[in-house]
Amino acid sequence: MAETPALLLLLTLGLGCPGIQGQRYKITARIYGRTTPLSQAGQRLELECDPSPDDSGVFWFRQDKGGTLHFIVFINLLSGTTFEGNKKTSTRFEARIVGKFYQLVVKSFMPQDEGNYFCLVNINQMLYFSRGQPAFFPVTTTPAPTSAPTTQHGITGKDPCLKTPHPENSKVKELDFFCDTFIWVPLAAACLLFLIALALTVMLHQQTRRRRCRCKRPPSGKPNVKPTTTPSRHV
């Protein structure tokens with residue numbers, strides 16, 4: 001139904017504020033036709049709502065264990081039954097009016113049907129809803145088996161169990177070692193070659209400077225050149 005989200009919100013507010021229920025009308029939701037609680041999946045669960053004579057129809061909701069509200073059906077004398085998705089029938093539920101009661105039937109009660117069931121009535125634009133009718137399977141608890149403490153040789157209190165290395169962890173470590181070797185070995189070789197080249201460059205530079213320093217120059221800065229004599233002519 002299109003108004004279902006708004007009704008869910010109003011119902012949520014009503015559950016949190018009990019005063020919204022009002023005092024004039026008393027709406028009751030209960031299980032009928034069953035004297036024993038639900039014991040196994042697949043059983044039939046029948047509920048009925050006893051509204052006031054002034055109602056215009058009844059909504060059925062279920063609140064699951066997580067607190068979420070789920071619309072089930074709207075029952076009205078004129079329109080009949082309207083299930084989720086504006087469907088007239090449902091494979092999981094039945095709804096009908098018997099006398100003054102609005103009945104809801106869960107055909108095959110399953111764990112996903114557990115929760116608190118509410119019926120909601122709109123009377124003169126006021127919402128009145130019932131108390132939640134719980135429907136749950138009985139909780140069965142099995143005691144944990146008790147065994148005498150055992151002691152093992154070679155195991156201390158700090159290490160209560162033997163731990164074996166996981167094969168995946170050893171593979172990861174081997175891959176990490178291979179990657180480290182693959183990266184660092186070439187890098188170290190390149191650094192070594194760079195140092196050797198740098199040392200050779202320094203040695204060559206020093207030898208060049210020594211050769212230049214062997215040639216001595218006069219204080220004037222000009223090289224010593226012997227004067228040339230021109231032959232004299234006799235006339």
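1. A disulfide here is a pair of cysteine sulfur atoms within 2.5 Å. By this rule the count is one disulfide. Cys49 and Cys119 form it, with an S to S distance of 2.2 Å. The torsion about the S-S bond is about 70°, so the disulfide of Cys49 and Cys119 is right-handed.

2. Basis of the values: this is a predicted model, where local features need pLDDT of at least 70, side-chain atom pairs count only at pLDDT 80 or more, and totals for chains, interfaces and linings use all residues. Residues are numbered from 1 along each chain as its sequence is written, and side-chain values use heavy atoms, with hydrogens and water left out.

3. Cys49 sits in strand 2 (residues 43-50) and Cys119 in strand 8 (residues 115-123), so the bond ties together parts 70 residues apart in sequence. Strands (E, at least two residues) and helices (H or I, at least four) are DSSP runs, numbered from the N terminus.

4. Buried means under 20% relative accessible area, exposed over 50%, and partly exposed in between (1.4 Å probe, protein chains only). Cys49 is buried at 0%. Cys119 is buried, also with a value of 0%. Cys191 is partly exposed, at 42% relative accessibility.

5. Helix 2 (residues 167-214) contains Ile196. Ile196 is partly exposed, with a relative accessible area of 45%.
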